[in-house]
Amino acid sequence: MTSQDVSTLMQHMGARARAASAVMARAPAARKNQALRELARLLGEAGPELQEANEADVARAQAAGLAAPMVDRLRLTPGIIATLQEGCLQLASMADIIGEISGMREQPSGIRVGQMRVPLGVFGMIYESRPNVTIEAASLSIKSGNACILRGGSEAIDSNKALARLVGRALQLAGLPEDAVQLVPTTDRAAVGQLIAMPDYVDVIIPRGGKGLIERISAEAKVPVIKHLDGNCHTYVDHPCDVAMAVTIADNAKTQKYSPCNATESLLVARGVAADFLPRIAAVYRDKGVEMRCDPEARAILAADPALQDARLAEATEADWSAEYLAPIISIRVVAGVDEAIAHINRYSSHHTDAIVTTDHVHAQRFLREVDSASVMVNASTRFADGFEYGLGAEIGISTDKFHARGPVGIEGLTSLKYVVLGQGEIRR
């Protein structure tokens, strides 16, 4: 396509999305929920079609030498499809918050003032690899009464087109405009530049992918952006703690899946439990092939254990404390206690998700209050930082910004509040 072709395409998509957003904003909850249930059903019935499209994408990615974590994100397994179906059904069962009025108060003048929850309008979603985002974004857009324009990565184009066809069919069956969810059909990168520079048609952009993509979108967008750049998540093992629990959580947070942004990348250990905890978690990591990049104190403890001579130990550098590996690598540091742990996290964290494992209630409360991250956890794996696990039905992404939305962005993150005033003829004097 020529640059003019791309520009014309995006302008037409934007105009259709804006028109559809007006219909979606006033759509009855029953129709939106019907579309979500239809989508769940269609996902279950389209197994062979989706598998064929996804296999084509995976084969093309592997032939192009795409990194293993990116290929992993690309796969549409039966488990992922089942999770997408469950997310659609969960959203359909949730109360419709559009049009809700809250905080209504009568003022001395006699007027009553409150706020109504309304859709944002049109959002643009730009994402890489994970084709499941197509369904997550579409389902949340439908439930929140928005319209959306989706631009997936070129590596997932066949999978995304197959999924988008199912969304269009579900909208049609529910009597809603198919233009409410549109997938950009071209892999031309110029489409991204157009999408992020259409304030007449697009109200917000949500990038979901690598740091390079998100930095570019943030720098060039002419509409607001909801984003996070890195997923440098921490697990801090406190003194005192249940060491067996700490081993289980630290294992899951790192190894349950290496590629997501909520996987723990850095392990902090209080000095009071380091000698007991570190050899136990290191044995787990060794057996799973995880490289441990340690500070001198942690490395000395592990190197002195004869049972860990074959563990993959390395010396941590300053860069490791800020690294998002998305791989079987973890940085490990011994700290004096909760004060040093909080200071380390607030300095090096990407403010995504950080967890403490402790039996000290005061330490837990301090960690919750003082760690400046979008999700802060006590005695739980960082892998729970996810819209589905938080009961949001699905998520459009994770925000580490502090304005509008923070953490997993679900239905409420795709809405805004406007003031409503009810009177009985009052005038200002």
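I took helices (H or I, at least four residues) and strands (E, at least two) as DSSP runs, numbered from the N terminus. With that rule I looked up G114 and placed it in strand β2, residues 112-119. Before going on I noted that this is a predicted model, in which local features need pLDDT of at least 70 and side-chain atom pairs count only at pLDDT 80 or more, while totals for chains, interfaces and linings use all residues. I also noted that residues are numbered from 1 along each chain as its sequence is written, and that side-chain values use heavy atoms, with hydrogens and water left out.

**Entry: G114**

I then listed the contacts of G114, leaving aside its neighbours within four places in sequence, and found S102, G103, M104, K418, Y419 and V420; contact here means heavy atoms within 4.5 Å. For one of these residues, Y419, I looked up the C-alpha separation from G114, which is 5.7 Å across 305 residues along the chain.

**Entry: helices α1 and α2**

I checked α1, residues 3-25, for its length, and its end C-alpha atoms are 33 Å apart, which agrees with the 33 Å that its 23 residues should span at 1.5 Å a residue; the expected span is 1.5 Å times one less than the number of residues. In α1 I found V6, S7, M10, M13, G14, A17, A20, S21 and M24 buried, and their cover includes α2, β3, α6, β4, β5 and α8.

I then turned to α2, which has 17 residues and reaches 25 Å from its first C-alpha to its last, close to the expected 24 Å. The buried residues of α2 include K32, N33, E38 and L43, and I found the buried residues of this helix packed against α1, α3, α5, α6 and α7. N33, in helix α2, counts as buried at 12% relative accessibility, and I noted that N33 touches L91, A92 and K143, not counting residues up to four places away in sequence.

**Entry: α2 against α3**

How do helix α2 (residues 29-45) and helix α3 (residues 47-63) pack, and at what angle? I read an angle of about 70° with the axes 5 Å apart, where axes are lines fitted to C-alpha atoms, for helices over the stretch in contact, and angles run from 0 to 180 degrees between N-to-C directions. That makes α2 roughly perpendicular to α3, since angles of 65 to 115 degrees count as roughly perpendicular, under 35 as roughly parallel, over 145 as roughly antiparallel and the rest as oblique. At the contact, L43, G44 and E45 in α2 meet G47, P48 and L50 in α3. These residues divide into three nonpolar, two polar and one charged, with Ala, Val, Leu, Ile, Met, Phe, Trp, Tyr, Cys and Pro counted as nonpolar, Asp, Glu, Lys and Arg as charged, and the others, Gly among them, as polar.

**Entry: strand β4**

I looked up β4, and five of its five residues are buried. Strand β3 runs parallel to β4 and is joined to it by five bridges, and two strands pair if DSSP finds at least two bridges between them. V122 has A147 in β4 as its bridge partner.

**Entry: the seven-stranded sheet**

I traced an open sheet of seven strands with parallel pairing, in the order β10-β9-β11-β8-β7-β12-β13. Its edge strands, β10 (313-315) and β13 (375-378), each pair on one side only, and neighbouring strands are turned by 20° against each other on average, direction ignored. I noted that helix α14 (residues 361-370) packs on the sheet, touching β7, β12 and β13, and that its direction makes about 175° with that of β13.

Within this sheet I examined β11 (residues 329-335), where six of the seven residues are buried, so the strand is largely enclosed by the rest of the structure. With β8 (residues 264-270), β11 pairs in the parallel sense over five bridges; V269 stands opposite V334, and A270 has V335 as its bridge partner. With β9 (residues 291-294), β11 pairs in the parallel sense over four bridges, and there I found C294 opposite I332.

Definitions and conventions. Buried means under 20% relative accessible area, exposed over 50%, partly exposed in between (1.4 Å probe, protein chains only).
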